[in-house]
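Dear colleague,

Please find below the sequence and structure that I am handing over to you. My findings are set out after them.

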Amino acid sequence: MTHPAILIGAIAFWLLAWAANNRLSGANPGNRATALAINLAIPVLFGLSLLALWEGITRGFDVPKVLLPAPSDIWEKLVASGPILWADFVQTFLKAVLAGYALGCGAGFLTAIIVDRVPFLRKGLLPIGNLVSALPVVGIAPIMVMWFGFDWPSKAAVVVIMTFFPMLVNTVAGLSAAGAMERDLMRTFASDYGQTLVKLRLPAAMPFIFNALKINSTLALIGAIVAEFFGTPIVGMGFRISTEVGRMSLDMVWAEIAVAAVAGSLSYGLISMIERMVTFWHPSYRT
Amino acid sequence: MTFLRDKLLPVGTIVIAIVVLWYLFAVILNAPFARQLAGKPLPFGDLVTATMSEQRPVLPAPHQVAAELWKTTVEMRPTSKRSLVYHSWVTLSSTLVGFALGTLLGIALAVAIVHSRTLDKSLMPWIITSQTIPILAIAPMIIVVLAAVGITGLLPKALISTYLSFFPVAVGMVKGLRSPEIMHLDLMRTYNASRPQVFWKLRWPSALPFLFTSMQVAVAISLVGAIVGEMPTGAVAGLGARLLAGSYYGQTVQIWAALFAASIMAAVLVAIVGVARSVTLRRMGVREA
């Protein structure tokens, strides 16, 4: 313990933040804007206090950088190695994840529509799809690396396989979400299969489809990163993580994880925003 | 009879179709190497038999994988380093430890969140955000850092599984512990029930269905965590290490066998939790639709 002051300061900040949060969460604000601001401030304050505690412990106890770098170290590294992180991001996210995500979700969606037309296929494929969703699909990564080479197509292939089944299962479930009454109504309008699909059943399935899109956005990043552990050109987030771990430069690993976390949360947030726009009619968004 | 018509027949047909397709692809994908090996144009029948028995095929035929599985599980002593039972056990043990820890942690966190408004407002958003983050990326770091402190073996992998599996349990349990209706909570109030009584007699029982559903997700993801935890650090034992070794030495049959072992294990684990779920719920008098 070499810098007790820093540690004590961090703990004091944490306690203060906790007390403030206690006060804030007990508060009963009159208007909605204040309530929203408070609901946003509490988690932010909590996160900041955790960061301060982390900083205080690593600095106060002089934790070696190879075990746990302080947040300030990570930030420095993040700023200093922008070009490398950007190149990794392009390789892993913009190439492998986006391509695989689009292909996997698209294929799952189209398969679901075909499956929905054929009841026999639905009965046969759904149990298998549910089963595969629970399997450790990332294990397919070494095989894909052998088939499609070291560059990003093999990672995209892993992502395709990982995202296909959640999309298939959810879309099939969503297509049966439209009520019998509404379907009967479409029949009385003499609408054909395509019209019923586009005007009634697909909109009704949207909450399910967006659910799958959200699950898949996380799965896709995981798939691409893990697939890079099996061989890659010398660029990519998974490659960087595994090599920098080997060199014990953990600040770089944390910087890469921070990038992955921001990319993951942002894409999740983006999908949620689109969901809000598309499924504005859904009860969970009505105010 | 409806079981046969609605379950067995369609599922069986699809499975058979997958196997047939698999054989077809095995022939197509392995044919170039078989031709190269023979050095001369092969008649079709010979070509097919050649593609079925390559040492390191691009895509091993199903029966090759099945034979490898049989050879490495039944015909080998379970203690042998080449036995899949041995590797599966290594992975399974850290999966189970991680799953148990993760479930307990998730339940504890959910209980705290339900009972503390501050914790709910400050922690819950972070729990949800953390689900959007590719957590698995930190697996290599956890292993290496813990190894540097002197913790090796089962525990680091189990911690990765814990980390992965406590999220679904925590989120599901918060939902479950909040699922009792206001009317029931009011009834408990009129009985002058204490907080622990409300918890044990009302909240806990109504949360159980949620708990089991999230445990099914958690056990599957624990296994993924354990496998990935074995990959990047050159672990010598476990299904993940088996996958990695297979990919280094081009042993495709070994990779597929490990993959199938992992899949069978995942299916069995999820099924066990499912059985526990229906047994418990039936005991509690819940009628499942």
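Predicted model: local features only at pLDDT ≥ 70, side-chain atom pairs only at ≥ 80, totals over all residues.

Domains. According to the domain assignment, chain A is divided into domain 1 (4-63) and domain 2 (78-285). The C-alpha centres of these two domains of chain A are 35 Å apart. For chain B, the assignment gives domain 1 (2-58) and domain 2 (84-283), and the C-alpha centres of domain 1 and domain 2 of chain B lie 37 Å apart.

Contact between the chains. Chain B contributes 45 residues to the contact and chain A contributes 47 residues. On the side of chain B that touches chain A, two or more residues come from each of α1 (2-38), α5 (117-130), α6 (139-149), α9 (195-230), α10 (239-249) and α11. By class, that side of chain B comprises 32 nonpolar, 10 polar and three charged residues.

Helix α9 of chain B. A straight helix of 36 residues would span 52 Å at 1.5 Å a residue, whereas α9(B) spans only 43 Å between its end C-alpha atoms. There is a bend of about 40° in α9(B) at Leu208(B), and a proline, Pro209(B), follows within four residues.

Packing of α3 and α11 in chain B. Helix α3 (residues 62-73) packs against helix α11 (residues 252-283) at an angle of about 75°, and their axes are 9 Å apart. Angles of 65 to 115 degrees count as roughly perpendicular, and α3(B) and α11(B) are therefore roughly perpendicular to each other. On the α3(B) side the contact is made by Gln64(B), Val65(B), Glu68(B), Leu69(B) and Thr72(B). From α11(B) come Val253(B), Gln254(B), Trp256(B), Ala257(B), Phe260(B) and Ala261(B). This contact has seven nonpolar, three polar and one charged residues.

With kind regards

Note on methods: Residues numbered from 1 in each chain as written. Chains lettered and ligands numbered in written order. Axes fitted to C-alpha atoms, helices over the stretch in contact; angles between N-to-C directions. Parallel < 35°, antiparallel > 145°, perpendicular 65-115°, else oblique. Contact = placed C-beta atoms within 7 Å. Nonpolar A, V, L, I, M, F, W, Y, C, P; charged D, E, K, R; others polar. Expected span 1.5 Å × (residues − 1). Bend = angle between axes of the 7 residues up to and from the residue. Domains from an automatic or database assignment.
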